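Welcome to this short tour. Open your viewer, keep the selection tool at hand, and follow along stop by stop.

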Amino acid sequence: MVREWDPRTAPSVEIEAVLTTLNAAIATDLPDDPTWRIDSFREYLAVTMPGERRVCWLAEEEPGASHHGKPPLGMANIVLVADLGVLEITVDPAVRRKGIGHELLGAVAQRAYAEGLPSVAVEVVGDTPAVKFYEHYDFQCAYVEFRNVLQLSTVDWYRLGEMARGIGSGYRIEYYPGGPPEELYEAYAEAKAIVRESYDSSDLELRPASYDPERLRASLATLHARGLRPYIVVGIHEPTGKIAGLTEVVVAAQHPSRADQYDTVVVPAHRGYGLGRALKARMLFELRSAEPRLTEVQTWNAFENEPMLKVNAELGFEPDRQWSEYEADVAELVRRFDKDD
Ligand SMILES: CC(C)(COP(=O)(O)OP(=O)(O)OC[C@H]1O[C@@H](n2cnc3c(N)ncnc32)[C@H](O)[C@@H]1OP(=O)(O)O)[C@@H](O)C(=O)NCCC(=O)NCCS
């Protein structure tokens, strides 16, 4: 019932079938989220960062049913990154609690074990059955964040303009659709490295991090190839020419009405001058004109990140739901499956 599947070579009809199952899950688990479009969906599944691999599986009623356009009962994938595997499992809401998630997790665990990975991680969306599912398999919660969503229709653009302009003297703000220019790579990567443990470090370490120029270049190329359009706003400290802060938003071709706010960082020496707020405010102005279909922006924050929570609240972000990272030891997981089966 579960077979390995390669989105790079799969017929288009299968890609569409997989999207149908994903959208059924979104409609049930995250009813306020936009469903996904087919635009660059194959590339989204097929492309990874250099050195990483994604292995996918489909669960089908009959082997090859998706080949005839029948949406799969469920699907799973794992991204193999150095010594960590990051997995996702989605089961059609119409056929849950029938052991399909179990089968898919078994396939993922076997592969992680065969690849020699010590542990696997998964992003677990709060208030969905995924919480009980992963806890059933003894996944441990490693990190908790909260997703916040901003409805652009509620933004007071006049006040936002004041925020965008409200920075200390000696700073200049620059906007780069598509990513920072080559000549800023070094400074950009340096600013991110300085603030490794920063505000809004919301990526749960699961998204491509970019702490050196080479990795930044690869990360931007990967985003573009997956249909994810990056937008960057940076704050330059004029006396030194260094990057004092930056904010990153990505608009996915798969759901262009809801953007993802990635990192916002202000280098510690430049905190307290209104930069975090101004960078984010300027970004919203730019997005409004660059992405006419955009209606919402979502971002993830740690509970303890009070300065960023405050900025987000001022901008009009509303808390949405908990979003946690869970981890499991691969050897224990495999042992458990051997015992169960
Ligand atoms: C989590 C998920 C993969 C589980 O798939 P599933 O096929 O229903 O899981 P299984 O039937 O294999 O369940 C295995 C065990 O997990 C536990 N479990 C699964 N769902 C559960 C639930 N809703 N409540 C309590 N326990 C649950 C049970 O112990 C279950 O064993 P049991 O049925 O014998 O008691 C599925 O609910 C899903 O796709 N959720 C997506 C959630 C998500 O991330 N949505 C957001 C992005 S679209």
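Helices here are DSSP runs of H or I with at least four residues, numbered from the N terminus. This is a predicted model, where local features need pLDDT of at least 70, side-chain atom pairs count only at pLDDT 80 or more, and totals for chains, interfaces and linings use all residues. Residues are numbered from 1 along each chain as its sequence is written, and side-chain values use heavy atoms, leaving out hydrogens and water.

**Stop 1: a pair in one helix.** Select Glu214 and Arg217, which form a salt bridge with their closest N and O atoms 3.5 Å apart. A salt bridge is a side-chain nitrogen of Lys or Arg within 4 Å of a carboxyl oxygen of Asp or Glu. Because Glu214 and Arg217 are 3 residues apart in helix α7, about one helical turn separates them.

**Stop 2: two helices.** Now show α6 (residues 185–194) beside α7 (residues 213–225): they pack at an angle of about 100°, with axes 8 Å apart. Axes are lines fitted to C-alpha atoms, for helices over the stretch in contact, and angles run from 0 to 180 degrees between N-to-C directions. Angles of 65 to 115 degrees count as roughly perpendicular, so α6 and α7 are roughly perpendicular to each other. Which residues of α6 meet α7? Pick Tyr185, Glu186, Tyr188 and Ala189 in α6, which meet Pro213, Leu216, Arg217 and Leu220 in α7. Contact means heavy atoms within 4.5 Å.

**Stop 3: two domains.** Colour domain 1 (2–144 + 325–340) and domain 2 (156–315) separately; these bounds come from an automatic or database domain assignment. Between the domains, 23 residues of domain 1 are in contact with 24 residues of domain 2. Their C-alpha centres lie 29 Å apart.

How values were computed: Parallel < 35°, antiparallel > 145°, perpendicular 65-115°, else oblique.
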